Amino acid sequence: MLLVVLALRSFVVEPFQIPSASMVPSLEVGDYILVNKFNYGLRLPVLGTKIVDIGEPERGDVMVFFPPNDKRYFIKRVIGLPGDKIQYIDKQLYINGEAVEQTLIAEVPPMQPVTEVIREDLSGVEHLVHHDTRIYRGDFTVDVKPGHYFMMGDNRDNSSDSRVWGQVPEE
């Protein structure tokens, strides 16, 4: 039984707990998610070396990964694919020069809004994001390098993501 559990956890699925509020409102602190480890290819446990290539991450996927120079796992959304040009201007996301569709869902609290809840559509993947009206983190433009991904949290103004630690290499 132990070998079956070890094989399943190493190659097929693995549970993770959401460690921070960076993915709110999509994922709450303390929530558990089950990660499909087989989706992007079969990797050797511990080493992480890919032995069977099955697929690649797609825009809008939520991924668990270790960012460059950090031993902690992070959970973020894939925003930029290799070769993309990503821009973030006045809290509006642009991919390859096109504005990502955003729809304001709510302002919280209603009388003096601090948080905007927005539905965002990333190439057909709809999800909610938070914008904090009190915080401005600045605008940026970045070209995603070959073999890399640009990751962002759904809690856009309260997320340590690729804006902080850079693009995430495929491996």
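## Exercises on a predicted model

N96 touches G83, D84 and K85, leaving out residues up to four places away in sequence. Keep in mind that this is a predicted model. Let's work through it.

**Exercise 1. Where is N96, and is N96 buried or partly exposed?**

Step 1: Find the place. N96 sits in the loop between β8 (92-95) and β9 (98-99).

Step 2: Check the cover. N96 has a relative accessible area of 45%, so N96 is partly exposed.

Step 3: Compare sequence and space. N96 and D161 are 65 residues apart in sequence, and their C-alpha atoms are 20 Å apart.

**Exercise 2. Which residues does Q92 contact, and is Q92 buried or exposed?**

Step 1: Go to strand β8, where Q92 lies.

Step 2: Skip neighbours within four places in sequence. What's left for Q92 is contact with Q87, A99, V100 and Q102.

Step 3: Use the cut-off: buried means under 20% relative accessible area. Q92 comes out at 17%, so Q92 counts as buried.

**Exercise 3. Which residues make up the largest nonpolar core, and which elements give two or more of them?**

Step 1: List the members. The largest nonpolar core has 12 residues: I79, I86, Y88, L93, I95, V100, L122, F140, V142, V144, F150 and M152.

Step 2: Two or more residues come from each of β7 (85-89), β8, β13 (140-143) and β14 (148-152).

Step 3: Zoom in on one member, I95. Not counting residues up to four places away in sequence, I95 touches R59, I79, D84, K85, I86, V100 and L122.

Step 4: Look for another core. There is a second, separate core of 10 residues, and among them are M63, F65, W165 and V168.

Step 5: In soluble globular proteins, nonpolar side chains tend to be buried together.

**Exercise 4. What is the phi of K91 and of S123, and is each one buried or exposed?**

Step 1: Read K91. Phi of K91 is near 65°, which is positive, and K91 isn't a glycine. K91 lies in the loop between β7 and β8. With a relative accessible area of 15%, K91 is buried.

Step 2: Read S123. S123 isn't a glycine either, yet its phi is about 55°. S123 lies in the loop between β11 and β12 (125-132). S123 has 63% relative accessibility, so S123 counts as exposed.

**Exercise 5. What radius of gyration does the protein have, and what would a compact globule have?**

Step 1: Count the elements: the protein has two helices and 15 strands.

Step 2: Compare. A compact globule of 171 residues would have a radius of gyration near 16 Å, and the protein has 17 Å, so the two agree.

Step 3: Buried residues make up 39% of the 171 residues.

Notes
Residues numbered from 1 in each chain as written. Predicted model: local features only at pLDDT ≥ 70, side-chain atom pairs only at ≥ 80, totals over all residues. Heavy atoms only, no water. Helix = DSSP H or I, 4+ residues; strand = E, 2+ residues; numbered from the N terminus. Rg over C-alpha atoms; globule rule 2.2 N^0.38 Å. Buried < 20%, exposed > 50% of the residue type's maximum accessible area, 1.4 Å probe, protein only. Contact = heavy atoms within 4.5 Å. Core = buried A, V, L, I, M, F, W, Y, C linked by side-chain atoms within 4.5 Å.
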